[in-house]
Amino acid sequence: MLDVCLPGTGGMIPLENRWLTCCWLEYQGKAILIDCGEGTQIALKESGCKLSHLNTLLITHYHADHIAGLPGLLLTIGNSGKTSPLTLVGPKGLEQVVTALTVISPALPYPVYLCEIKEEKAGELTMDGVSIAYLPLNHWVPCFGYRITVNRKPIFNPQKAARLGVPVPLYKTLHAGQPVQLEDGRIVQPDMVLDGERAPIRVCYCTDTQPVEGMTDFARGADLLISEGMYGDNEMEEKAKEKGHMLFSDSARIAKECGAKRLWLTHFSPALTKPDAFSETAQRIFAPTVVAHDGIRITLSGD
Ligand SMILES: [Zn+2]
Ligand SMILES: [Zn+2]
């Protein structure tokens, strides 16, 4: 099961009632955070995210609303009891940006590793058994969308195991893909008690960008697509193009085309004081659209 939370949903600047866009994903007690604008450490605490669980920080791009909270976040994590490494992943320039921002947080009680995505092309890496794919987006600066994939264990058939005389305490070992030896010496292989694969759980996070070719394939079949909704009103189309952002309706169209199960809109313009007022603009195109709010959360368990 994968827990997903948006502690903040704002774009550009933090507001009294809206923290900056970020996304917390937690799987088996290990967490990934995407982006850390100003005040993100407070947003995380308000949403009940345990900073000591954070192992990976993915940065979409180096605009202040996605990175300026880094020093405060690192220092706050230092007070959480964390001693295991934190890996930062981001576009080209990561080392320079992190070095500059962390002048005021030089000594931390845990190691920080940097993983710079040097080329602006799609790729994939694995962290703590979770696959992290990235796709170049279309913004003013290099910017990546991220897709988190959690593979699920295959279907276990207890009737098959019982017929073979496998004691119940050994079920777990077989389900984890290891053979077991019974008391009479027989070896039972996992494929003798498994009933096929389960679809993985996929969450896709794309902001800030204009609609890009490739995003539909990237987000294909996602259990949850989190995509930017900088502007709700379709009248803002020209401004969205000029600023390198998307409308609610752009994201809804992509969600529909990629066959996502649900869409969360985030990264609202500070001028968009009531994003909910434009829900229908997106829901007319893609019904399972949710105009997200700070602290929204879901546990995804797959099909
Ligand atoms: Zn932004
Ligand atoms: Zn930006």
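1. Let's start with G232, which is buried, with 24 other C-beta atoms within 10 Å. Here a residue counts as buried if 20 or more other C-beta atoms lie within 10 Å of its own, as exposed if 12 or fewer do, and as partly exposed in between, with C-beta atoms placed from the backbone. You'll find G232 in the loop between β13 (224-228) and α8 (237-243). Helices (H or I, at least four residues) and strands (E, at least two) are DSSP runs, numbered from the N terminus.

2. A word on what you're looking at: this is a predicted model, where local features need pLDDT of at least 70 and side-chain atom pairs count only at pLDDT 80 or more, while totals for chains, interfaces and linings use all residues. Residues are numbered from 1 along each chain as its sequence is written, and chains are lettered from A and ligands numbered from 1 in the order in which they are written.

3. Who sits around G232? Leaving out residues up to four places away in sequence, G232 touches F248, L272, P275, A277, F278 and T281. Touching means contact: the C-beta atoms, placed from the backbone, lie within 7 Å. Y205 is 27 residues from G232 in sequence and 18 Å from it in space, C-alpha to C-alpha.

4. Now the whole protein, which has ten helices and 16 strands. Its radius of gyration is 21 Å, close to the 19 Å that the globule rule gives for 303 residues, so the protein is as compact as a globular protein of that length. That radius is taken over C-alpha atoms, and the rule is 2.2 Å times the number of residues to the power 0.38. Along the principal axes, the C-alpha atoms fill a box of roughly 70 × 50 × 35 Å. Buried residues make up 42% of the 303.

5. Next, the open sheet: seven strands in the order β6-β5-β4-β3-β2-β1-β16, with mixed pairing. Strands pair if DSSP finds at least two bridges between them. At the edges are β6 (112-117) and β16 (296-300), each pairing on one side only. From one strand to the next, the twist averages 15 degrees.

6. At the β6 end, β5 (residues 86-91) runs parallel to β6, with six bridges between them; P91 has I117 in β6 as its bridge partner. Helix α4 (residues 94-101) lies across β5 and β6, at about 145 degrees to β6. Axes are lines fitted to C-alpha atoms, for helices over the stretch in contact, and angles run from 0 to 180 degrees between N-to-C directions.

7. Is β2 (residues 22-27) enclosed or open? Five of its six residues are buried, so β2 is largely enclosed by the rest of the structure. Five bridges join β2 to the antiparallel β1 (residues 2-8), with C5 opposite W24. Another five bridges join β2 to β3 (residues 30-34), also antiparallel, and L25 stands opposite I32 there. β2 and β3 form a hairpin with two residues between them, and Q28 in the turn has a positive phi of about 50 degrees.

8. Finally, the largest nonpolar core has 74 residues, and C23, L25, L33, V203, C204, A219 and L225 touch the most other members. Such a core is a set of buried Ala, Val, Leu, Ile, Met, Phe, Trp, Tyr and Cys residues joined through C-beta atoms within 7 Å. Apart from this core lies another, of five residues, among them A161, V166, V180 and V193.

Methods. Contact = placed C-beta atoms within 7 Å.
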